[in-house]
Amino acid sequence: MKIIVVGATGTIGSAVTKELGGRHDIVKVGGTSGDVQMDMTSSDSIRRMYETIGKVDAVISTAGNAQFGPLEQLTQKEFEVGIKSKFLGQVNLVLLGRDFVNDGGSFTLTSGILSQDPIPGGAAVTPINSAEEGFVLGASIEMPRGVRINAVSPGVLEESMEKIGAFFRGHVPVPGWKVALAYSKSVEGRLNGQVFRVW
Ligand SMILES: NC(=O)c1ccc[n+]([C@@H]2O[C@H](COP(=O)([O-])OP(=O)(O)OC[C@H]3O[C@@H](n4cnc5c(N)ncnc54)[C@H](OP(=O)(O)O)[C@@H]3O)[C@@H](O)[C@H]2O)c1
């Protein structure tokens, strides 16, 4: 299969690329890195990416920012980061990519454990992950031509503990290879409208 991985150079994306790269043709997309550069907060940039790459069998997104911060300091601005980047960025990957995915292909988006298991400082992140999962469920029953859509909801990765582990006290970190298997199940399996929770 020809597979776009948005965020391929990131922590999750590189584990996904390692898992799938041996048996598929991966097009790595990043903000500043990878084979093709794209800004997921811009519809024009997403459209250009699809026009550059052409038809594919699967699109995986392992990218999207959301803003952490204590509830008492949150303003609308912090929520807008997640809405524009992680939520609408991934939604637009589907809306603008519909015609670029071959019959029977798939989209796999990324949410995260905070939709189910909140942490202090995550009040602007939890609703973004929930919205992402809601979009996957809603869109899954209307996808055309046998195209499927799923989300992967990872727990905090072992590989990310040094950077963000202090936010996730008491959480059991999951290895990247295990998270990557959920993306494999989404792309190489047949399930639709699912959230694969890996924690
Ligand atoms: N890591 C975890 O423990 C964990 C757990 C649960 C959920 N998640 C979620 O998984 C996603 C990826 O996390 P990660 O830790 O793997 O992130 P990461 O290591 O920071 O990697 C982010 C990737 O996204 C790309 N990117 C950044 N901004 C972009 C933009 N505007 N347009 C297109 N691509 C962009 C980056 O490319 P460049 O570097 O070239 O810009 C990079 O390849 C996030 O949504 C995060 O919330 C992560």
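Begin by selecting Val-36, which is in strand β3 (residues 36–37); strands here are DSSP runs of E with at least two residues, helices are DSSP runs of H or I with at least four residues, and both are numbered from the N terminus. This is a predicted model, in which local features need pLDDT of at least 70 and side-chain atom pairs count only at pLDDT 80 or more, while totals for chains, interfaces and linings use all residues. Residues are numbered from 1 along each chain as its sequence is written, and side-chain values use heavy atoms, with hydrogens and water left out.

Stay on Val-36. Is Val-36 buried or exposed? Val-36 has a relative accessible area of 13%, so it is buried (buried means under 20% relative accessible area, exposed over 50%, and partly exposed in between, with a 1.4 Å probe and protein chains only).

Next, select Ile-60 in strand β4. Its relative accessible area is 0%, so Ile-60 is buried. Draw a line from the C-alpha atom of Ile-60 to that of Thr-110: the separation is 8.3 Å, for residues 50 apart along the chain.

Move on to Ser-153, in strand β6. Ser-153 counts as buried because its relative accessibility is 0%. What does the side chain of Ser-153 reach? It reaches the backbone oxygen of Gly-112, at 3.0 Å. This is a polar contact, meaning a pair of N or O atoms within 3.5 Å; within protein, one must be able to donate a hydrogen and the other to accept it, and residues adjacent in sequence count only if both atoms are side-chain atoms.

Now go to Arg-145, in the loop between α4 (126–140) and β6 (148–154). Arg-145 is partly exposed because its relative accessibility is 37%. Check its backbone angles too: Arg-145 is not a glycine, yet it has a positive phi of about 55°.

Two longer lines come next. Select Asp-25 in strand β2 (residues 25–30); at 46% relative accessibility, Asp-25 counts as partly exposed.

Then select Glu-72, in the loop between β4 (56–61) and α3 (76–95). Glu-72 has 74% relative accessibility, so it counts as exposed. Glu-72 and Gly-34 are 38 residues apart in sequence, and their C-alpha atoms are 38 Å apart in space.

The last stop is the ligand. Which residues come nearest to the ligand? Of the 25 residues around it, they are Thr-9, Thr-11, Thr-32, Ser-33 and Gly-64; a residue is near a molecule if one of its heavy atoms lies within 4 Å of it. The shell around the ligand is made up of nine nonpolar, 14 polar and two charged residues. Ala, Val, Leu, Ile, Met, Phe, Trp, Tyr, Cys and Pro count as nonpolar, Asp, Glu, Lys and Arg as charged, and the others, Gly among them, as polar.

- Ser-33: 2.5 Å from an N or O atom in its side chain.
- Thr-9: 2.8 Å from a polar side-chain atom.
- Gly-7: 3.3 Å from a backbone N or O atom.

The ligand on its own has 900 Å² of accessible area, of which the protein covers 77% (areas come from the Shrake-Rupley method with a 1.4 Å probe; for residues, only the protein chains shown count as cover).
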